Amino acid sequence: MRCLPILIVVAGLASPWNAAAGDLLPADSTVEGAIDHYIRATLVERQLAAAPRADGQTLLRRWSLDLAGRVPTLAESEAFQALSPSERPVATVDRLLASPDAAFHLRNELDVLLLPDGKSSDEWRQYLLRACQENRPWDRMFSEMLIGKEDDPAVRGATQYLRSRATELDDVTNETSRLFFGVAISCAKCHDHPLVDDWKQDHYFGLASFFNRLYVTRSRHVGERASGDVKFKTTAGLEKPAKVMFLTGTVVDEPALDRTAEQNKAEDELVRNLQQKDDQGLPPEPEFSRLRQLVDVALRDENQRFFARSIVNRIWDRLMGRGLVHPVDQMHSENPASHPELLDWLERDLVTHGYDLRRLIRGIVLSEAYARESVWQGEGDAPDPEWFAVAATRPLTPRQLSLSLQIAAMNPRDVAGAQADPTWGPRRQQLENQSFGLARELELPGENFQVGVSEALLFTNSQRIQNEYLRDSGDRLVSQLKGLPPGESVPLAFRVVLARQPDAAEQAAFAQYLHDRADRPVPATQQLVWALLTSPEFRFNH
């Protein structure tokens, strides 16, 4: 069932996906202005109503989770309230993007995206963190991941992307195509498309040819041979040499190497030694690197519809709950964008502004489309998600949830001045480390996510939850609540954990619960905090 839409991918490669630049809004429009223009135009065209703007506290929590990877602190909520309503969006978004949290969170997002199977190393994560702290352009990061120098400490960590996949040609071909170009190409390994002439096995094995010379040494360095080609069998059983071909059909002309049989034999021996023996040094660079050619081809203007559009679509998907092209790895002419002009405009803007991901993220989260309520209260059924008339409710990632639990269960005075505190960066690192263990036990949300039995049991029965988040000690929220009357403890608990005030019914219910257990205030307060920490409202970004 998945093959057909995948195989249609290249059927449209010759088709003009992009609108002419002159048809788009001016390039100097703001990102948020362009987003709202195109989203609004579609709603009007389809006569669809949109949900109103969410209230300020809801948006503060949404921005904090999406930009900092955690819930807001009590001090941040109070500072937000002190701003005028007109000041809040830009001031809050810019503060969060300038904070140490932003780099940590984007690092975590890229880590999960690029190495989702837990193959990341400390060096890899440090590389990503430095790159995010510097707001390194996405095209440069792509280049460093594919052709990063093993002898350069600044970018050596980037090679973990290839190192974790280099020994499996199918993996590195499929994953690179899917993650960087938005194209799931794996089905084309077995057969040409039955209906569309453009999409053939040549494209799959052409892309694989960029990677077939990779190897990993015993010392875990990534090397690239100077020779070696790919051959494949067609569905007719004929053996065929693969051209070095990008997804667009662009073929790389490889210079003829005047190599003797002795030279090839010497290279085989060298690679064998590098793979079998320690301390053999770094692998030599080939005279002609196919990986360099892939980076060059992928970043050419005519091919950016894959590279630039893919990251635009993925970031949009992460922040809006659904890609402009959905699913995000099915970018092809038979699966058009819901708002093609918007995708064209965002692609152009990203390239024009040097692949600045932070600029893209800022524009999306400042748009009205992002700021809508997530609960539809209009007449009839809510519009389909693809029109972005209602904000999506999104499950927190394991990192977001585990770090938010740490923050929400702390004594709020311990994080009162979080981002104004110059020591917040190291503190954030410490909290990252402390939350890592729990994050590893949580499921990475996919489409149609539901909380699983294992997570429910963990939060219901685990002594760990009791000890780490509900402890009655001076560094925990419980200790700050237990001595307060319900009229104060319930609102404070809601503000710290859920970043809002309780409504009248919630206040009354929790106050009665605490009143009935006045003889055992600590267990009763722990139950209050546990109920809020394990609520759906805390589990999701809404």
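These legends accompany close-up views of a predicted model.

**View 1. Helix α12 from end to end.** Let's start with the helix itself: α12 covers residues 261–276, 16 residues in total. From its first C-alpha to its last, α12 reaches 23 Å, close to the 22 Å expected at 1.5 Å a residue.

**View 2. The buried side of α12.** Here you can pick out E267, V271, N273 and L274, which are buried in α12. Why do they sit on the same side of α12? Because they cover an arc of only 160° around the axis. If you are wondering what covers the buried residues of α12, the answer includes β1, residues 214–216.

**View 3. The exposed side of α12.** Now look at the other side of α12, where A261, E262, K265 and Q276 are exposed.

**View 4. The second largest pocket and its centre.** This pocket has a volume of about 600 Å³. It is lined by 21 residues, and the closest to its centre are D111, S120, R399, F436 and R440.

**View 5. Helices that line the second largest pocket.** Which helix gives the largest share of the lining? That is α18, with six residues.

View 6. Sorted by class, the lining of the second largest pocket holds eight nonpolar residues, six polar ones and seven charged ones.

Conventions. Residues numbered from 1 in each chain as written. Predicted model: local features only at pLDDT ≥ 70, side-chain atom pairs only at ≥ 80, totals over all residues. Heavy atoms only, no water. Helix = DSSP H or I, 4+ residues; strand = E, 2+ residues; numbered from the N terminus. Expected span 1.5 Å × (residues − 1). Buried < 20%, exposed > 50% of the residue type's maximum accessible area, 1.4 Å probe, protein only. Arc of directions from axis to C-beta. Contact = heavy atoms within 4.5 Å. 1 Å grid on protein atoms, 1.4 Å probe; cavity = no way out; pocket = protein on both sides within 12 Å on 5 of 7 lines; lining within 4 Å. Points joined across faces, edges and corners; volume = space filled by probe spheres on them. Nonpolar A, V, L, I, M, F, W, Y, C, P; charged D, E, K, R; others polar.
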